[in-house]
Amino acid sequence: MINNYNGVKFYSAQDLSCGYYLNKAEPILQIFDSSKLYTDVNNVIELYNTKQFLDGGVYLNSWSEDITTQYKSTANNFERSIAVFFSSINATTIESIIGSIDTNYIDDFWTLIERYKVYKNIPNHIFSLLLDQTEIHLRPILENRGITNYYGQEITDYIINDFVNSAQLLIAQYFEANNNQYKKMYFPKELSPPLLMKMSIQQQYIHHHWFL
């Protein structure tokens, strides 16, 4: 992943960054060409973020009613470009695409993988390799129920093998349950309570003998 794209990012309609990012989004709305074939994942995710402002009714005060209507119409045309790009992702291309995503867009990437059911194009063993070999953070994946259900066993295996770090997510789920500030996480059904208990006991045993 990279961290130098500096593109438009939608956090919420109430976020203080809205004005800043809407100013960055305006040139995108002005020059968008629906016939263009987008090949850069960050460009595509930036379209998605720009569209979220318009869909959420967040506009610049300087926009006239006519300009706002025009931009909303343009943003609606983003959907096809986003769908075409994500629908083309497959087992051969996904690793290089993940490697080129800006870190600020990784949550949006998995949201769109879920929306367009791209996970159905990625075999289970490839997804398992991605978890082990790339700089993937588990939380953005767990925030998407469809992906979690589809790769339940692979995600469970990953959590078991990295339980020290994964346990933090399990704890976070408990403390964030009634906090709307955080997106809900979905853990695999394969991660049953007895298995969690067994993992916890194993970790306590290892920790105890490590410090003896």
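Student: What volume does the largest pocket have?

Tutor: This is a predicted model, where local features need pLDDT of at least 70 and side-chain atom pairs 80 or more, while totals for chains, interfaces and linings use all residues. Numbering starts from 1 along each chain, and side-chain values use heavy atoms, without hydrogens or water. A pocket is an open set of points on a 1 Å grid where a 1.4 Å probe fits, with protein on both sides within 12 Å along at least five of seven lines. Filled by probe spheres set on its points, the largest pocket has a volume of about 400 Å³.

Student: Which helix supplies the largest share of the lining of the largest pocket?

Tutor: The lining has 16 residues, with Tyr11, Asp107, Glu143, Gln181 and Lys183 nearest the centre of the pocket (lining: an atom within 4 Å of a point). Helices H2, H6 (106-115) and H8 (138-142) each give at least two of the lining residues (helix: a DSSP run, H or I, of at least four residues). The largest share, four residues, comes from H6.

Student: Is Phe32 buried or exposed?

Tutor: Phe32 sits in the loop between H1 (18-31) and H2. Leaving aside residues up to four places away in sequence, Phe32 touches Tyr38, Leu47, Thr74, Asn77, Phe78 and Ser81 (heavy atoms within 4.5 Å). Because its relative accessible area is 15%, under the 20% cut-off, Phe32 is buried.

Student: What distance separates the C-alpha atoms of Phe32 and Ala75?

Tutor: Along the chain, Phe32 and Ala75 are 43 residues apart. In the model, their C-alpha atoms are separated by 8.8 Å.

Definitions and conventions. Buried means under 20% relative accessible area, exposed over 50%, partly exposed in between (1.4 Å probe, protein chains only).
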